Amino acid sequence: MLRRSLFLAPLLLAATRARAAAPLRVVASFSILADLVRQVGGERVTVRALVGPDADAHSFSPRPSDVAALREAQLVVRNGLGFEPWLDRLLAAAGGKVTTVVASTGITPRRMEGGHDHGHGHSHGKPGETVADPHAWQDLTNGQAYVRTIAAGLTAADPEGASLYAANAEALVGRLAALDGWVRQQVASVPQARRKVVTSHDAFGYFAAAYGVEFRAPQGVSTEGEPSARAVAALARQLKAEGITAVFIENMTNPALLDRLAAEANVRVRGRLFSDALSAEGGPAPTYEAMVRHNVGLLVPAMKGEGG
Ligand SMILES: [Zn+2]
């Protein structure tokens, strides 16, 4: 009897540990949310991003393994605001039972014009109509709200992790608040009249509103289809007239168009901004925080016309 319990005790202990250590299985719709979940969840979670690094959330084609991952998931984190129109069908295909957290809950969406395909096929609304702009994470204040919403979702799904999630979330919110201050300071170093940027798709509306930088992603030029030579020439004239030197492409869009525009306006394309997806590990923007630092690090000298 005694021998038997001595034999069993370590096994029971091991079984208890294994259960406590089994991480919460979370699926995030895209790489930026996956990073936030990882930062808040730490070792208590495993995270799979449906749309991975450098991939385009708007023209996503789900694989059978994505449905399987959703079926296994204990929590799904999505952006909302129309960013993942394909996810509802996918969730239904996976049985429709998993709890879903909408990271943008509680933020005030800005409006964007509908009817254009937003550079990579996420068409919202009809021409003349406005729709919610989904790219809310480009304002770090919203990023902080995302973190709190994600922490609440993780806590509801895994109450035993509450204190860890709260501590990680507060640390991350603190870093994002500091980063927000740094962005403001960086933008303030650019003369007001030069705070203008041209990008290949309209994903920086929240950044523009929060930090006082004007972004242009003109219609007819931001679509994936070939823009007319006239549209490119008109925009090139505008760049020259206003002395805009900050021209960028984004990590998941086709650079050919902006190359043409830059050549015609005689400016240099200043690099790749990360808007809707992170880079792979080892790239310039493997986390949300790194993405913001990378983007601002490119934007500020380009707006100033340095090194052009
Ligand atoms: Zn987008």
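**Labels and the values behind them**

Analyst: Happy to! This is a predicted model. Let's start with Gln238, which sits in helix 8, spanning residues 229–242.

User: Why is Gln238 called partly exposed?

Analyst: Its relative accessibility is 32%. Buried would require under 20% and exposed over 50%, so Gln238, at 32%, counts as partly exposed.

User: How far apart are the C-alpha atoms of Gln238 and Ala265?

Analyst: They are 8.5 Å apart, while 27 residues separate Gln238 and Ala265 along the chain.

User: Now to Ser279. Where is Ser279 placed?

Analyst: You'll find Ser279 in the loop between strand 10 (269–273) and helix 10 (288–304).

User: And why does Ser279 count as buried or exposed?

Analyst: Buried means under 20% relative accessible area. Ser279 has 5%, so it counts as buried.

User: Which residues is Ser279 in contact with, leaving aside neighbours within four places in sequence?

Analyst: They are Pro53, Asp54, Phe274, Pro284, Ala285 and Pro286.

User: What about the whole protein: how many helices and strands, and what share is buried?

Analyst: There are 10 helices and 10 strands, and 49% of the 308 residues count as buried.

Methods. Residues numbered from 1 in each chain as written. Predicted model: local features only at pLDDT ≥ 70, side-chain atom pairs only at ≥ 80, totals over all residues. Heavy atoms only, no water. Helix = DSSP H or I, 4+ residues; strand = E, 2+ residues; numbered from the N terminus. Buried < 20%, exposed > 50% of the residue type's maximum accessible area, 1.4 Å probe, protein only. Contact = heavy atoms within 4.5 Å.
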